[in-house]
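These are my notebook entries from an afternoon of looking things up in a structure. I kept them in the order in which I worked.

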Amino acid sequence: MRNHNLKRQLNAIALGGVATILMAGCAGGTETPPVADRDLGTPVAGVVADGVFDGVTLTYAASGGIFQDGQRDAAWDPFAKISGATFLQDAFDAGKLKAMVDSGNVTWDVTNATQFDTARGCGTLYEEYDYSQVDISRVPEGTITDKCMVPNILYGLVLAYNTDAFGDNPPTSAADFFDTKKFPGKRTVSQSPYVDPQTVEFALAADGKNVNDVTVADIDVAFDKYRALGDDVIGWTSGSQAQQQLESGEAVMGLVWSGRGYGAAAAGAPVAPMWDEWMIMVDSTAIPKGVKDPQAAFAAVNFYLGAEQQARMTELTSYGPVNVDAKPKVDATLETWLTTEHLKTGIAPNIDFWVENYDALSAAWAGWVTGS
Amino acid sequence: MGRLGYRQLTGMPDISTLRDRSKGSGRGGATAKQVREPKNWRPFLLLIPAFVVVSFFFLAPLIDVFYRSISDPTLGVQNYVWLFTTPTNMVVAFRTFATSLLVTVVCLLIAYPYAYLMTVVSDRTRNMLQLFIMLPLWTSILVRTLAWLVLLQDTGPINGLLEAVFGIGPLPLIRSTFGVALGMSQVLLPFMVLPIYSALAKIDKRLLPAAANLGARPVTAFFTVYLPLSRPGIFAGSVTVFILGLGFYIIPALLGSSKEIMMSALMYQQISGFLMWGHGTALGIFMLATTIVVLALVGRASKGTNLFAGRGK
């Protein structure tokens with residue numbers, strides 16, 4: 001009878017539903033076996049032993065684009081080839097990292113975060129480094145700013161300007177960014193969801209303030225300086241948007257990541273950097289808290305810091321190397337954008353202050369990016 | 001024996017089941033009511049897959065989100081206090097509802113004539129009109145938005161043309177409410193056209209000549225006969241567009257300035273930027289609650305029309 005068939009079908013559907021629930025329940029319970037300590041000897045930056053990580057899978061999470069591709073080609077894939085490990089790439093998101101750490105299911109091994117992220121999350125979101133497993137003798141001085149990081153790239157927040165507009169009379173100071181009489185036209189500045197303390201510091205530097213003397217009251221002073229630009233200030237919410245605004249001429253000036261300014265120049269746009277006053281940025285290579293195989297992660301970072309790997313990374317991404325011996329072969333355009341040549345005029349951030357006053361900064365930042 | 005038809009699924013008796021019942025009542029003297037019970041619950045087994053999916057992937061996370069909003073970092077309502085005492089949140093919430101409402105009105109004004117046109121043309125033309133509506137749905141929203149960005153920016157072709165032909169300086173086509181509303185309306189238009197079309201297609205066209213016959217002028221006939229009959233489609237389309245519009249992120253980010261940023265950006269910032277999950281989840285619950293209230297009000301206003309069936313009475 002048809003009704004019986006129907007009943008059977010319905011039972012099958014119900015069973016299928018139950019099976020799905022059971023399977024979903026089981027999938028979460030897989031445990032990885034504990035990792036034996038391998039004897040790797042004294043680390044030398046850029047070196048890893050043949051086949052030592054056979055069968056190990058590592059994942060690098062960063063912000064994507066040519067930046068992550070370049071790092072993959074320069075360091076992670078060669079590391080995988082020599083050591084026998086498999087290297088996967090994923091997109092970094094701080095919220096996702098927190099979710100992983102909170103749930104105890106960390107699937108990333110190496111990540112790219114900001115200095116402020118690691119300083120703030122050291123010990124809670126990020127693992128402290130065992131510097132005996134990573135050769136840090138050749139990283140640029142002063143670039144290790146907390147116990148949970150080694151430098152990832154050396155770049156900058158720079159004033160990039162349109163040479164067609166200001167070629168004869170280029171800007172020469174942070175204050176020029178705010179001088180719409182001398183330098184008329186729209187300027188772009190970060191309004192991304194990610195708080196950027198150095199955007200604040202740039203405005204204060206324009207007022208002649210030393211970033212080491214910043215107070216909480218200065219935060220509003222800085223944002224008011226940007227607001228005072230009125231219709232002449234436009235925002236960028238992602239690096240690619242900043243580059244697009246410079247390339248199209250939509251903005252005649254921008255406070256952008258050096259790599260994005262270079263990207264616009266490399267695409268043929270008349271864009272040049274102003275090096276007289278700029279903000280030194282260092283990104284962190286960080287290891288998530290609760291990483292499954294710390295030894296393999298440290299070994300991968302140690303390999304990444306090699307002079308050869310860093311030279312190649314710079315050639316592919318335009319971001320400055322974090323090994324002082326690295327000798328990248330760069331063309332004339334890239335050379336003008338390389339931060340490592342201009343460290344003397346760069347301003348290093350006051351990290352301690354921003355970590356301590358993060359709540360005040362994030363509240364002001366939320367107002368700034370939502371136009372209120 | 002009767003097929004399991006629409007009537008059975010909806011619990012309506014049909015003739016074949018009635019006949020079965022009369023036979024069954026002969027067995028062991030069971031009353032008609034007792035026999036009907038097992039017949040009615042079994043079709044609900046069909047809901048199990050949907051129920052499982054919804055509870056695992058929607059209900060459970062939603063409960064988790066709500067719990068976090070009252071427990072992160074400590075148990076209490078501090079996140080809601082923050083929510084209502086921070087002016088930024090209220091400004092952006094108001095802006096989000098206003099933008100979505102504007103987009104709904106724009107979509108309605110464009111979609112209604114378009115859907116009407118679809119009901120009066122030949123099948124061939126109708127298929128083409130339908131294709132025009134569906135085509136954008138198959139293209140990435142990001143690609144479409146970037147295309148708008150290129151067209152609308154100060155140095156883009158539209159402003160270039162305006163300047164060359166009419167001599168008017170760059171208009172604020174981008175980084176303005178105009179840009180955001182344009183981009184969002186273009187993406188959401190299909191969700192307005194389709195329900196309205198399905199409502200209009202069911203209206204008996206002879207009603208308009210009939211109204212004219214009774215002395216109504218075309219405008220009167222439209223407003224007193226045609227428009228009321230199309231109400232279900234208007235409500236279904238408007239509610240869909242409005243709710244989808246509330247969650248837009250990338251279009252306000254690219255085509256708007258900081259003054260057009262909507263609620264989703266604020267949530268993203270709290271969750272991924274600041275790692276303040278208590279704040280982020282409170283914002284989410286607030287949006288959900290406000291949306292439900294708005295829906296309830298609309299539901300009251302549209303009393304008597306079936307919101308989602310798209311079926312005229």
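**Entry 1**

I note at the outset that the model is predicted. I located A:Ser318 in the loop between α12 (307–317) and α13 (332–337) of chain A, and I read a positive phi of about 80 degrees there, although A:Ser318 is not a glycine. I wrote this down because most residues other than glycine have a negative phi.

**Entry 1: chain A as a whole**

I then stepped back to chain A, for which I count 15 helices and 9 strands, and whose C-alpha trace spans about 85 × 60 × 40 Å along its principal axes. Of its 372 residues, 49% count as buried. When I took the contacts in chain A between residues at least 6 apart in sequence, I found that 74% of them join residues at least 24 apart.

The domain assignment divides chain A into domain 1 (57–153 + 284–317) and domain 2 (155–281 + 338–369). The centres of domain 1 and domain 2 of chain A, taken over C-alpha atoms, are separated by 27 Å, and the contact takes 8 residues from domain 1 and 7 residues from domain 2. On the domain 1 side of this contact, helix α4 (residues 115–121) of chain A gives the largest share, 4 residues, and I sorted the residues of that side into 4 nonpolar, 3 polar and 1 charged.

**Entry 2: a lysine in chain A**

Which residues does A:Lys225 touch, leaving out those up to four places away in sequence? I found A:Phe178, A:Ala203 and A:Ala206. A:Lys225 itself sits in helix α8 (residues 216–227) of chain A, and I put it down as partly exposed because it has 18 C-beta neighbours inside 10 Å. From A:Lys225 to A:Ala206 I noted 19 residues in sequence and 9.6 Å in space, C-alpha to C-alpha.

**Entry 3: chain B as a whole**

In chain B I count 16 helices and 0 strands, and 31% of its 313 residues count as buried. Among the contacts in chain B between residues at least 6 apart in sequence, 70% join residues at least 24 apart. Here the domain assignment gives domain 1 (1–69) and domain 2 (79–301), with 4 residues of domain 1 of chain B in contact with 7 residues of domain 2. The domain 1 side of that contact is made up of 2 nonpolar, 1 polar and 1 charged.

**Entry 4: helices of chain B**

Where does helix α6 of chain B bend? I placed the bend, of about 30 degrees, at B:Ala111, and I noted that a proline, B:Pro113, follows within four residues.

Helix α7 of chain B is hardly covered, with 1 buried residue among its 12. Helix α9 (residues 157–166) of chain B has 1 buried residue among its 10, so I recorded it as lying largely in the open. After α9 of chain B comes B:Gly167, with a positive phi near 70 degrees.

**Entry 5: the nonpolar core**

I next looked up the largest nonpolar core, which has 158 residues, and in which A:Ala300 and B:Ile196 have the most contacts. The largest share of this core, 15 residues, comes from helix α10 (residues 177–200) of chain B. Leaving out residues up to four places away in sequence, B:Ile196 touches B:Ala111, among others, and B:Ala111 is where I had placed the bend of α6 in chain B.

**Entry 6: two loops of chain B**

The peptide bond from B:Asp72 to B:Pro73 is cis, with omega near 5 degrees, and B:Pro73 is found in the loop between α4 (48–69) and α5 (78–85) of chain B. B:Leu275, a residue other than glycine, has a positive phi near 60 degrees and lies in the loop between α15 (263–273) and α16 (277–301) of chain B. I counted B:Leu275 as buried because it has 20 C-beta neighbours inside 10 Å.

Key
Residues numbered from 1 in each chain as written. Chains lettered and ligands numbered in written order. Predicted model: local features only at pLDDT ≥ 70, side-chain atom pairs only at ≥ 80, totals over all residues. Domains from an automatic or database assignment. Contact = placed C-beta atoms within 7 Å. Nonpolar A, V, L, I, M, F, W, Y, C, P; charged D, E, K, R; others polar. Bend = angle between axes of the 7 residues up to and from the residue. Core = buried A, V, L, I, M, F, W, Y, C linked by C-beta atoms within 7 Å.
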